[in-house]
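Trainee: I would like to take a close look at a single part of this model, the contact between its chains. Please walk me through it with the cut-offs stated.

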Protein chains: 2
Amino acid sequence: MPSDHTRSAILAAAERLYADRGFGDVTLRDIVAEANVNLAAVNYHFGSKDELIAELFVTRSIATNRERLRELKAAEEQGGGRAPIEVILRALVGPTLRGCLGPENQRSSAARFMIRASIESVPPIRRIKNREIDHLRKFAGAMRRSLPDRSDVDIYWGLNFALAMAHHTIRESERLTKLSEGKCDLDDVEGVVARVVSVATMALTAGKTETKAPSRLAAR
Amino acid sequence: MPSDHTRSAILAAAERLYADRGFGDVTLRDIVAEANVNLAAVNYHFGSKDELIAELFVTRSIATNRERLRELKAAEEQGGGRAPIEVILRALVGPTLRGCLGPENQRSSAARFMIRASIESVPPIRRIKNREIDHLRKFAGAMRRSLPDRSDVDIYWGLNFALAMAHHTIRESERLTKLSEGKCDLDDVEGVVARVVSVATMALTAGKTETKAPSRLAAR
DNA sequence: GATAGTTTCATACAACTGTTTGAAATGCAA
DNA sequence: TTGCATTTCAAACAGTTGTATGAAACTATC
């Protein structure tokens, strides 16, 4: 069993630096200095800089995706294969928002790294994101089962808008805070989740007769 | 009057190349080759590479912002200082969506450039985007006048979500097309605008008694 | 048509990048 | 200890990048 000390030191240092300063101006030399290892160690352990970035991103990505599917599966099993749309949407956007938002000073470097990844979007990360379609398809399927009267087009648009609101809020959280002069409380993660879920639910259920009791739409 | 031939040739070539291949792998040498001008011409006419990118982006940006404000002003004047929220939202997201979406083969390189700018987000562009807050404040003001019963927080969240849906749809239009197997027609720009406006309107009006006749919420 | 100002050009510069190399160090099994 | 494989290290490599320079070409004014 190799100690892996060097390897994990590189990962930790890279994540921290990328989180703080972005991908644009962090070089391998910065990383190895922060990790106190030799420059060649990166290529020895990871093959290339891009593969290092990719490993950071996939590790964190599959954690989020696993959490999403866990929540989705639990909801569908409880409902006999059919979950309420709010719960599905919450499973979709909740893990991501919880992972990236919250009080700034207690955000893990992993969270800050993911925010960077969603803002800057470098090639190795883009490549990985493109493979996420299968994952989203599972949610589209669950949404279709939950809203059998809705057309596929409406489902996809609803999914698109739900992700839009979640990701944009993460990406532009600073700007929203500045624009609202601090009135929008982005530290209240569950409040944000509720807002996103509420609007996405409206987008998906408006204009058709509701099959269940009117769900609480207003957030907060 | 200097002919400006070189200057505009550089701008056109840069816009085309950035639109096609992204900021990441287009060098000044690529640009001057495409423009058939000398390498030093870029620094002579623009000062630096970043200033060239900035000029491309601001030119296009102020055009969009001007169009937005034109629509907003027209609507508010017609309504005596108070415009319907749908019209305000349409003025906010319409120009951007119209500028970036539509049949792929007839997208101008300016439009494709702006899509790139929203996906890749390089430093000079980020700097400019940060100055856009004043512009958004004008829309927040109009929205507040349109919905005086709404809290500021709700207004800002509605604004945030409207921009979220528009920008995300532009950024991820390819993925949405792939995910929906072409069922979501992104070439129908006005249809997309209607959807975004409709959902954003719901987000802003739900949960309170509506002051006017129930607006048509469902898109298409 | 000489002059002053602007624009173009070829070329060099300086710095930084990720990656490779081959030798030294280390860990571990026999 | 000996031998073998893994890991670390300093150093160099090869390529690319944006930028600067100074001379040449051009343009317009007098």
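How many salt bridges are there between chain B and chain A?

Mentor: A word on conventions comes before the answer. This is a predicted model, in which local features need pLDDT of at least 70 and side-chain atom pairs count only at pLDDT 80 or more, while totals for chains, interfaces and linings use all residues. Residues are numbered from 1 along each chain as its sequence is written, chains are lettered from A in the order in which they are written, and side-chain values use heavy atoms, with hydrogens and water left out.

Between chain B and chain A the count is six salt bridges, each being a side-chain nitrogen of Lys or Arg within 4 Å of a carboxyl oxygen of Asp or Glu. In one salt bridge, the side chain of Asp152(A) meets that of Lys183(B), at 2.9 Å from N to O. On the side of chain B that touches chain A, helix 9 of chain B provides the largest share, 15 residues, helices being DSSP runs (H or I, at least four residues) numbered from the N terminus. The contact, meaning heavy atoms within 4.5 Å, takes 41 residues from chain B and 41 residues from chain A. Together the two chains bury about 4100 Å², of which 68% lies on carbon and sulfur atoms; buried area is the accessible area (1.4 Å probe) that two parts lose on being put together, summed over both. Within chain B, the residues that lose the most area to chain A are Trp157(B), Arg175(B) and Leu179(B), together 18% of what that side buries.

Conventions
Helices (H or I, at least four residues) and strands (E, at least two) are DSSP runs, numbered from the N terminus.
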